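Work through the exercises below with the sequence and the structure open beside you. Each task is followed by a solution in steps.

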Amino acid sequence: MAEIFQQLINALLLGCTYTLIAIGFNLFFGALNVVHFSHGDVCILGAFMTLILYGLAKLLGLVTFLPGYVFVPLLILMAMVLTGLIGTFFERVVIRPFRYAPLLMVLVATVALGMVVRETVRLSFPHGSNPQIFPRILPQTSFQWEGVLIRLDSLIIFGTTIFLISMMFLFIKRTRIGAAIRAVSQDTEAAAMMGINIDRTVAVTFLIGSVLGAIAGILIGAYNNIIRFDMGLMGGVKGFSAAVVGGLGNVYGAIIGGLILGLVETFAAAFIPGGTPYTDVFAFLVVIFFLIFKPSGILGEKVYEKV
Amino acid sequence: MLPRTIGRAVILLAVEAFFFILFAAFMKTDETGKVIAFLLFFIGLGVMFKKWEKARLTLTGLFKELKIVAGAGFVAMLLTLPFIFQASPYLIHICVMAGLFAILALGLNFQLGSTNVVNFATAASYGIGAYASALLAVHFHISFWLGLLVGGSLASIFGLLLGIPCMKTKDYYLSLVTIAFGLIVYILLNNFSWTGGPNGIPNIPPPSLFGHSFKEPLSLFGYQLPFQSNYYYLIFLLVGGSLFVAHRLHHSRVGLTWNAIREDEIAARCHGIDVTWYKILAFCIDAFFGGVAGTVYSHYIGFISPENFAFIVSVVVVTMVILGGMDNVFGVIIGAILLTILPEKFRAFEDFRVLIYGLIVVTMLMFRPQGLFPQKMRIYKK
């Protein structure tokens, strides 16, 4: 029983990061009908941003100067904002020119953009192809509860995710910009006719999505203590998969999809003998299964093709 | 009339020879400065060609009029390439790799170019062909020539398997399936024990023909050519064959159907086109080409590992198709050749290779989405 519970915690954690990435995919798809294939790389960029800022702070002596509970949130906040701005910049430069072009073009362009981001990260770090050690910004203590080992950092990760997601929902439900985002995702043309500034709304959407993604990247780095330049490829594909399983375009679906993927992966690793190297294969098989039998995802509405 | 034709043919061959010598000289330079000078010269030539309408019309007219002479001259010149590069096997190696990628790009072109199906699993079919033939050769001593067929067919079956789930999906979902498939194949190759895991398969025997092993130098007309020339001629034949198939397919009903699906899938379906069947056909043919290329690669290098078939390879092939010009078979080949040779010429910037691939795709899509050599309008004679 304790074993299952332990695995459930792991699944929940993995699901949290997938959810954070998947929300980005859903927001972008809602706003622009676009899948931003380099979103995973933007997310991992958040972790690398933290790494760079941490190095800078170390150089300036801020690490010892400020107490940890002030310094770490500040660090993460700065990394978030920077990554969010980068995400918005990508939208402006790479995605906007293709707004009225065939889907294929923006698809290939974002895949290529992901490659550019990965390589830039790899080249701008010394020995960039090797895993980089991520600073231990979260407390490393853990405690036992009914035979289950709980790490304090996993609790923090879980809490942060829930907090951020609820903040995002509040933002979308309660603010004017949130209403604009919902309007654009329902019908872009009608929203434009009602006087909503589409470009600005889309930019805000990308800002929110990238900030949440950056958090996912930072959490992944903080939990594993290492980051690699090419984690973004897998992260992006998984996040997109989670979004598809939950229903692309539906923000609530991201949570369900993320949790399903997290569960499948953790349980495949834990309970299928010799399954550990094949966790990704199981996850992808589940995604392909969903695409064949329920392409609109769990919460997605069935889309009818219009001529 | 005849002397005039001969005169024109001579001019044509001279133009071809001029470009061929330029190309050979370009291949032989290895200083970055000179390479850049050559490139600038080529670009200047291209711009001049574009601006100077009279010369362009005359030249294209010549090529159209004397198609057979032009083709024969071109083939003859390419056949002499190993003799010119006799002293530097490395250059022949680059040509072989360019040929391999040309086959891959031609295969992908059926999907990406003709049918508008974005397939990011090229590396998977490439890898399946390579692994299948290598395993057969190492464990069961099956000859390369049979392996070529088996590798191609197995990859084709893989294409079918990939095509079935893809038929239920479109656009983004479809790319997700292909990316997932590519990653699955990569992970499996990396983890199965019978594929050698991350260490791959070493010591794959070279092919042999009429008792002549491809690992031995080729002696032709009293010249000793390095062993790479064997593969050069093999790949020359294979590219020629693929080109023929691709060209014929493009101008057949099948190619036209693919284009119809690309333009508007619903309209195509309304006209009674079996969209599913034609898309699966594109998947299978693409995978067959990939499998053949993989087989040649594994036997040529003699060693394969999963790293040779990672996701990045698929993206590189997509880059080639986009750069060359979607749905233009000659353009695609030129794209493949350019993107294989240029990185080798800029070895000093080896680290930036992938970055530059990415930048090329993004800028091409923004400023010249139709590629360097766009597809020509289909012209039907009355």
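**Exercise 1.** How many salt bridges are counted between domain 1 of chain B and domain 2 of chain B? Describe the rest of the contact between these domains.

Solution. 
- Step 1. The count of salt bridges between domain 1 of chain B and domain 2 of chain B is zero, a salt bridge being a side-chain nitrogen of Lys or Arg within 4 Å of a carboxyl oxygen of Asp or Glu.
- Step 2. The model is a predicted one, in which local features need pLDDT of at least 70 and side-chain atom pairs count only at pLDDT 80 or more, while totals for chains, interfaces and linings use all residues. Residues are numbered from 1 along each chain as its sequence is written, chains are lettered from A and ligands numbered from 1 in the order in which they are written, and side-chain values use heavy atoms, with hydrogens and water left out.
- Step 3. Two residue pairs, both at pLDDT 80 or more, are in polar contact between domain 1 of chain B and domain 2 of chain B. A polar contact is a pair of N or O atoms within 3.5 Å; within protein, one must be able to donate a hydrogen and the other to accept it, and residues adjacent in sequence count only if both atoms are side-chain atoms.
- Step 4. Helix 1 (2-28), helix 2 (32-51) and helix 4 (67-79) of chain B each supply at least two residues of the side of domain 1 that touches domain 2. Helices (H or I, at least four residues) and strands (E, at least two) are DSSP runs, numbered from the N terminus.
- Step 5. That side of domain 1 of chain B has nine nonpolar residues, two polar and one charged. Here Ala, Val, Leu, Ile, Met, Phe, Trp, Tyr, Cys and Pro count as nonpolar, Asp, Glu, Lys and Arg as charged, and the others, Gly among them, as polar.

**Exercise 2.** Which helix of chain A gives the most residues to the side that touches chain B?

Solution. 
- Step 1. Between chain A and chain B, 47 residues of chain A are in contact with 42 residues of chain B, where contact means heavy atoms within 4.5 Å.
- Step 2. The salt bridge count between chain A and chain B is zero, and one residue pair, both at pLDDT 80 or more, is in polar contact across the interface.
- Step 3. Helix 4 (68-95), helix 5 (103-124), helix 10 (231-246) and helix 12 (279-293) of chain A each give two or more residues to the side that touches chain B.
- Step 4. Helix 5 of chain A gives the most, with 17 residues.
- Step 5. By class, this side of chain A holds 38 nonpolar, three polar and six charged residues.

**Exercise 3.** Which residues is M167(B) in contact with, leaving aside its neighbours within four places in sequence?

Solution. 
- Step 1. Find M167(B) in helix 8 (residues 144-167) of chain B.
- Step 2. With those neighbours left aside, M167(B) is in contact with T276(B), K279(B), I280(B) and F283(B).
- Step 3. Compare V275(B): M167(B) and V275(B) are 108 residues apart in sequence and 9.0 Å apart in space, C-alpha to C-alpha.
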